[in-house]
Amino acid sequence: MAEIPARSSQPGSGNRPGVNGSAGAGLRADAGLAHLITELQGHGLRVEVPLESRQGGAGPADAGMLWIDGFAATVPTSAEYVRNSPYVLRAEDEGWGVYREGERLASAEPFQRPRFYDLSTADGIPYWQIALLHLDSLASTVIQTCAYWGNADQCAFCGIGVTLANGRTIAKKTPQMLAEVAVAAKELDGAVDATLTTGTTATPDKGALYVARCGQAVHEATGLPVEVQFEPPADLAVIDRVRDMGVQSVGIHVETFDPQVLARIAPAKARTGIDGYFRAWERAVAAFGEGQVSTYVILGMGEDPELTVAGCRRAIDMGVYPFVVPLRPTVGSLMEDLMAPSPEYCETIYRRVVPYLTARGLGAHGVAAGCARCQACSAMSLLEGSSDADGRTYLPLLSNR
Ligand code: SF4
């Protein structure tokens with residue numbers, strides 16, 4: 001058993017000044033804030049203060065974590081291009097602020113080091129090597145190896161092997177370990193859900209059943225809603241078995257709707273094919289319900305914007321939440337030398353996807369757990385309240401410069 005250190009403040013008060021979408025009372029969830037966060041996710045944020053960050057891990061990573069005007073956000077802080085960002089995080093007499101050319105744009109609250117990071121298991125594994133807190137979501141890559149890593153199938157944006165190589169995690173987390181850590185993360189740091197992903201295994205289920213077992217253990221130990229993420233299994237009946245283990249949401253990530261880009265950046269996923277993802281989503285929506293199935297859609301990999309918007313809308317029609325995010329070129333990934341896409345481009349895509357989601361009755365508020373619930377890696381949810389009755393979304397006018 002881990003030892004829980006004595007603390008003076010209330011258990012569960014945690015790392016959570018505000019929550020995207022759900023705790024919006026009094027918070028400025030408007031198009032202006034969406035614009036600022038999109039800018040920060042495109043240009044990055046220079047930091048003059050210590051900031052907890054995520055580097056490496058499955059999928060697109062490299063993220064400093066903070067709250068901006070009370071809203072969760074992850075923004076690039078360590079990539080080379082961030083040095084040229086006009087935005088800076090600066091300490092103030094009380095708290096922190098985001099500045100551009102000396103002008104204060106928003107308040108900020110850096111993510112605090114979680115208390116459960118001080119704990120370790122009975123056999124000496126630090127809890128932070130088992131799972132991390134991403135703002136208010138407990139996150140773990142339960143199998144930190146991938147059948148595609150280090151060979152021709154490696155996804156170009158991914159950094160799953162980086163974290164393992166530098167000793168920041170262990171290769172495989174057990175359901176028992178994750179349940180133990182989740183209890184502490186909930187009680188000490190106020191985690192509100194768990195997001196569990198996995199490297200793809202060389203088995204027909206692609207690792208889905210193991211990550212679901214982990215999710216089941218976390219949910220049973222804590223009562224927290226859980227999202228598990230996996231590749232489309234060869235037999236789609238596996239998705240029903242995942243549902244039967246009691247997790248609430250699933251992420252099945254196509255990454256891009258442009259087949260040429262998919263073939264270039266994720267050859268193994270391209271073999272599944274975009275229609276293969278649609279088949280898996282259809283089964284998953286039948287199992288988990290509309291809005292509880294999501295996919296990452298990464299912008300900035302050379303994709304055709306028309307195919308991107310059309311793919312998102314087709315997914316939405318089916319009840320899938322397309323979580324549109326800018327590329328985070330991760331140090332150690334095959335894309336580490338790229339730039340993040342321009343904020344203007346990302347806003348243009350958000351503007352065409354979010355109203356369609358809203359008109360379909362989907363939104364971050366309806367997602368039980370996971371990345372599409374958290375929303376810190378995208379400004380999408382901040383626009384959900386900016387649509388009028390016709391589904392039009394108002395955004396600031398953009399410069400072409
Ligand atoms: S399937 Fe691709 S994104 Fe997922 S862990 Fe493997 S290499 Fe990374």
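The paragraphs below go through the ligand shell, the aromatic pairs and the charges over rings.

This is a predicted model, in which local features need pLDDT of at least 70 and side-chain atom pairs count only at pLDDT 80 or more, while totals for chains, interfaces and linings use all residues. Residues are numbered from 1 along each chain as its sequence is written, and side-chain values use heavy atoms, without hydrogens and water.

Around the ligand lie Cys146, Tyr148, Cys155, Phe157, Cys158, Ile160, Gly199 and Thr200 (a residue is near if one of its heavy atoms lies within 4 Å). This shell divides into 6 nonpolar residues, 2 polar and no charged; Cys, Tyr, Phe and Ile count as nonpolar, Asp, Glu, Lys and Arg as charged, and Gly as polar.

The structure holds 6 aromatic pairs (ring centres within 6.5 Å, the six-membered ring being used for Trp; planes under 30 degrees apart are stacked, over 60 edge-to-face, the rest tilted). One of them is edge-to-face, because the rings of Phe116 and Tyr117 have centres 4.9 Å apart and planes at 90 degrees. Phe116 and Tyr117 are both buried (under 20% relative accessible area, with a 1.4 Å probe and protein chains only). The pair of Phe257 and Phe278 is tilted, since its centres are 6.0 Å apart and its planes at 35 degrees. Phe257 is buried at 5% relative accessibility, and Phe278 is buried at 3%. Phe257, Tyr277, Phe278 and Trp281 form one aromatic cluster.

Two rings have a charge over the face (NZ of Lys or CZ of Arg within 6 Å of the ring centre and within 35 degrees of the ring normal): Arg90 lies over Tyr99 at 5.2 Å from the ring centre, and Lys172 lies over Tyr210 at 4.6 Å.

Terms used:
Buried means under 20% relative accessible area, exposed over 50%, partly exposed in between (1.4 Å probe, protein chains only).
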